[in-house]
Amino acid sequence: MQIGMIGLGRMGANMLRRLARDGHHCVGHDLSPDNVALLRGEGFQASTDLDEFLALLDAPRAVWIMVPHGKPTEATVAALAERLDAGDVVIDGGNSHYKDDVRHAALLAERGIHYMDVGTSGGVWGLERGYCLMIGGERSAYERLEPIFRSLAPGHGDIPRTPSRDGAPGPAELGYLYCGSSGAGHFVKMVHNGIEYGLMQAYAEGFDILRNADSESLPKNLRYDLNLPDIAEVWRRGSVVGSWLLDLTANALQEEPKLESYSGYVQDSGEGRWTIQAAIETAVPADVLTAALYTRFRSRQEHTFAEKILSAMRKQFGGHVEPK
């Protein structure tokens, strides 16, 4: 299939590369001349001019947006609404709020343009590992674009099959899932990121306790000088707390056991806040996720080793760099 990608940063460019590897015809657009030049140097068609980019796509066009949520996404959707034709499809693969998706879908529907929202997880590792995709929008548009989703997704890989699942592996087992109408994909991804906050916080606090096991406030016979990189490594192997986040933590600690280069200033990209808002709107208790979000707020005032662990994990999976 042919696909156009708006936003050729870390994720957008790698998604194009993964799609091209699987035989899709990929065209890119970015406001940065450097990003465009890089993709052109790899043999892709790419342009800094939106109209030129759209002219490179055949009707009906499929345009995937990978830009920051908020004003950049709003401006991009508005620009596409003015330029696309009935039957074209816009896919927002960024971290937009699900309520914005409902509004965008209605705006584009007035012009006969289809809209899909795709929660995309995989970060800087997605080129090789694939991207977990949570998809919302019209079912017919999903079915039309399914070859794109299948190519981006990780595939079955070597993950053992869940007991009692039989027959041919479905999309969920391959790493992509149609979740429902407009906004459903980003809603599922929002909750995914809220859970991520809680998991990260649990690891961070645990390693902070281990690091302080030799505190002078403890009796000498109860002090332990523990090797955190080795503990992370042994937990990766057969432990009930094993996960990809733990893999990334082990990697960060192996590279820098004391995490000296991290301040512990932990950003939040928005999805954690939205998850808590959704919990409030539905009267669902979310104690752990709320506490994890508040810890990120506090980290900007004072920093602990736990916050350094959180910051290191964010850099490992998403390439997020602390503000200076």
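Tutor: A salt bridge is a side-chain nitrogen of Lys or Arg lying within 4 Å of a carboxyl oxygen of Asp or Glu. The model is a predicted one, where local features need pLDDT of at least 70, side-chain atom pairs count only at pLDDT 80 or more, and totals for chains, interfaces and linings use all residues. Residues are numbered from 1 along each chain as its sequence is written, and side-chain values use heavy atoms, without hydrogens and water.

Student: What makes Glu-42 and Arg-17 a salt bridge?

Tutor: The closest N and O atoms of Glu-42 and Arg-17 are 2.8 Å apart, which is within 4 Å, so the pair qualifies. The pair links distant parts of the chain, with Glu-42 in the loop between α2 (33–41) and β3 (45–47) and Arg-17 in helix α1, 25 residues apart. Helices (H or I, at least four residues) and strands (E, at least two) are DSSP runs, numbered from the N terminus. The structure holds 19 salt bridges.

Student: Why is Arg-17 called buried?

Tutor: Buried means under 20% relative accessible area, exposed means over 50%, and partly exposed lies in between (1.4 Å probe, protein chains only). Arg-17 has 18%, so it is buried, whereas Glu-42 has 40% and is therefore partly exposed.

Student: Which residues form salt bridges with Arg-61?

Tutor: Asp-85 forms one with Arg-61, the closest N and O atoms being 3.0 Å apart. That pair joins the loop between α4 (71–83) and β5 (89–92), which holds Asp-85, to the loop between α3 (50–55) and β4 (62–65), which holds Arg-61, 24 residues away. Asp-88 also forms a salt bridge with Arg-61, with closest N and O atoms 3.1 Å apart. Arg-61 lies in the loop between α3 and β4 and Asp-88 in the loop between α4 and β5, so this pair ties together parts 27 residues apart in sequence.

Student: How do you know whether Arg-61 and Asp-85 are buried or partly exposed?

Tutor: Arg-61 has a relative accessible area of 11%, so it is buried. Asp-85 has 44%, so it counts as partly exposed. Asp-88 is buried.

Student: Why is Leu-218 called partly exposed?

Tutor: Leu-218 has a relative accessible area of 31%, so it is partly exposed. Leu-218 lies in the loop between α9 (184–211) and α10 (228–235). With Leu-222, Tyr-224 and Leu-226, Leu-218 forms a nonpolar surface patch of about 340 Å² accessible area together. Such a patch takes residues with over 30% relative accessible area and no salt bridge, nonpolar side chains (Val, Leu, Ile, Met, Phe, Trp, Tyr) being joined within 5 Å and like charges within 9 Å. The areas come from the Shrake-Rupley method with a 1.4 Å probe, only the protein chains shown counting as cover for residues.
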